[in-house]
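Dear colleague,

Please find below the sequence and coordinates that I am handing over to you. My notes on them follow directly after.

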Amino acid sequence: MRKIIETAGQLPDILISWITPNVRQFRASKLPVVWLLALLVGALVALAAIAFRTAIGLIQWPWLRTTTELTIQAATQQPWWIVMLAPAIAGLLVGWILHKYHPYQRAGGVADVIEARAYGGRGLPFKAGLWSALVTVISLGGGASAGREGPVVHLGATVGTAVCGFFQLPDSARRILLACAVASGVSASFNAPIAGVLFAHEVVLAHYAVSAFVPIVLASVMGTLLSRLWFGNVAAFEIPQYEITSYLEIPAFALLGLTCAAVAIIFQFALIGSDWTARNITMPLWLRPVIGGLAVGAIGVFYPEILGVGYEATDLALKHELTINTMLTLLVVKTAATAITLASRFGGGIFSPSLYLGAMTGGAFGLIAASVFPEMASSHGLYAILGMGAVAAAVLGAPFSTTVIVFELTGGYALSIALLLAVSIATGLTQAVHGKSYFHWQLGMRGCFVNEGAHQFLSETVKVRDFMDPPPENEEEQVFNPGEDGPYLHDTDTLESALKSFDSCGKATLPVVRRGDATKVIGLARHVRGLRYFNAALIKATKEEHH
């Protein structure tokens, strides 16, 4: 009894010693502030997404006479020259804005958000974000064939970064709030709160840290709530309740995944190839979207289904209201129109086009399957849903969040087995060919290889100036002769190149000079210090991902 009483008396001290370090870490990471800011960021991003979507409708009204996304019939009722010239006129405005006002001369997207996360939640200037949003509104309102979800993510991340600028927050907190903005943007765009949470973790943060989960959920819920209050609680696509006819269709679902992989691979090659072609054609920046707009408009005259975000055509495929010839044709022309749109510097994303192409692929595949096995095959509308998820997951490199997005968009949870099978096969085969998602290809073109892991990214982004020691105090030792004094480093060299220099010369210390002026030593780089700095940064990144 005495021991029990003594133990009971020690219990408060034990609890305090147990809880205190956790509370201290909780406060040091500014998580209480992050939770509150997550609600604020979620609300602001949702309002920005609502304004963004409304603005597209307003730009669309003068030539289509509708502000909704039901544009096919509206386009067919217009004279052919209006349909052809509208994207070109929008392109003229886009080209003028990019040339005169946009600092990067291109609209931003999801890749920019991923890059900002890699650099500690920084690198999304507010002014450039607003110009990107305006460019995309004009582009999509004018009929350019692209998606609005990626630009909404970029706009939301820009807003989130601006909010972070008013507070002294560690990089880990800034990255979390960046992901909060992304979650709210996705949720507000798709009315899909779970998918918003997963997309922020899977694509932007690239990890599933528990510390990030709560604020991201708060922001996602806030985004969904405000979006539903404005647009109503309706799914993006209203479709019948489809069911799998027989589990003997599993081989057909696997074959659909293979087919979707081929479509995703070709689509990504089309985007890459058109971008490469555009970069190698010399012309004024303002003229590029004008010519691209004329090309998209010319396609839209014959196939108005490709204009804008394309939700109406996707919906028709899901409701099995399109013929196989129409779906196969739209599969080709939508690929071409989207590739032209993005290569021409119009603003827009690839999320909606990927869903579009997947729905056409799945719908056409379902009709073929039904003709071969009429008594066994499920509705081709079901196959359209599966194709929509498989192509989008493969192109975006986001199988988890895309699968959930399809569930939340369509309500088709009964299709989980078939959808997971098609998504996994399509994603795996696309990765086998391309090795990375379209977003990471865009980042690779800028020399940012975040998909290769924290160690590779750090070795390429850490500079010698980050870990070098001050120069010698003796002025004579600060004078350097490159031809006689042996190897040296520049302060802008990467850690990777510095380690190679240390290894090749065998020295433990090397002088550091400025690029363009190698006559004065501005610091001393030590091999051990560089390795220690790299290890500390790597441990910090690993702790953040697992906390």
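The notes below begin with the chain and then turn to helix contacts, individual residues and backbone features.

**The chain as a whole**

Please bear in mind throughout that this is a predicted model. The chain contains 23 helices and three strands. Of its 547 residues, 52% count as buried.

**Helix 2 against helix 8**

Helix 2 covers residues 31-64, and helix 8 covers residues 171-190. The two axes come within 8 Å and cross at roughly 35°, and the crossing is right-handed. On the side of helix 2, the contact is made by Leu-31, Val-34, Leu-37, Ala-38, Val-41, Gly-42, Val-45, Ala-46, Ala-49 and Arg-53. Helix 8 contributes Ala-173, Ile-176, Leu-177, Cys-180, Ala-181, Ser-184, Gly-185, Ala-188 and Ser-189. Sorted by class, these are 14 nonpolar, four polar and one charged residues.

Helix 12 (residues 288-302) packs against helix 14 (residues 324-343) at an angle of about 165°, and their axes are 8 Å apart. Angles over 145 degrees count as roughly antiparallel, and helix 12 and helix 14 are therefore roughly antiparallel to each other. Their crossing is left-handed. Helix 12 takes part in the contact through Arg-288, Gly-292, Ala-295, Val-296 and Ile-299, and helix 14 through Val-333, Ala-337, Ile-340, Thr-341 and Ala-343. Seven of these residues are nonpolar, two are polar and one is charged.

Two residues of this contact, Arg-288 and Ala-343, also touch a residue of another helix. Ala-278, which belongs to helix 11 (residues 250-279), is in contact with Arg-288 and Ala-343 once its neighbours within four places in sequence are left aside. Its relative accessible area is 12%. The limit for a buried residue is under 20%, so Ala-278 counts as buried.

The axes of helix 13 (residues 311-318) and helix 15 (residues 351-372) come within 9 Å and cross at roughly 25°. Angles under 35 degrees count as roughly parallel, and helix 13 and helix 15 are therefore roughly parallel to each other. The crossing is left-handed. From helix 13, the contact involves Tyr-311, Ala-313, Thr-314, Ala-317 and Leu-318; from helix 15, it involves Ser-352, Leu-355, Tyr-356, Ala-359 and Met-360. The class count is eight nonpolar, two polar and no charged residues.

Helix 15 also holds Ser-354, which is buried with a relative accessible area of 0%. Leaving aside its neighbours within four places in sequence, Ser-354 is in contact with Phe-267, Met-388, Val-391, Ala-392 and Val-395.

**Helix 16**

Helix 16 runs over residues 380-396 and has 17 residues. From first C-alpha to last it reaches 24 Å, close to the 24 Å expected at 1.5 Å a residue. Helix 16 is mostly covered, with 17 of its 17 residues buried. Gly-397 follows helix 16 and has a positive phi, near 70°.

Most residues other than glycine have a negative phi.

- Gln-105 has a positive phi of about 55° although it is not a glycine. Gln-105 sits in the loop between helix 4 (80-100) and helix 5 (110-118). Its relative accessibility is 35%, so Gln-105 counts as partly exposed.
- Asn-191, likewise not a glycine, has a positive phi near 55°. Asn-191 lies in the loop between helix 8 (171-190) and helix 9 (193-205). Its relative accessibility is 10%, so Asn-191 counts as buried.

With kind regards

Definitions and conventions. Residues numbered from 1 in each chain as written. Predicted model: local features only at pLDDT ≥ 70, side-chain atom pairs only at ≥ 80, totals over all residues. Heavy atoms only, no water. Helix = DSSP H or I, 4+ residues; strand = E, 2+ residues; numbered from the N terminus. Expected span 1.5 Å × (residues − 1). Buried < 20%, exposed > 50% of the residue type's maximum accessible area, 1.4 Å probe, protein only. Axes fitted to C-alpha atoms, helices over the stretch in contact; angles between N-to-C directions. Parallel < 35°, antiparallel > 145°, perpendicular 65-115°, else oblique. Left-handed = near helix turned anticlockwise from the far one by under 90°. Contact = heavy atoms within 4.5 Å. Nonpolar A, V, L, I, M, F, W, Y, C, P; charged D, E, K, R; others polar.
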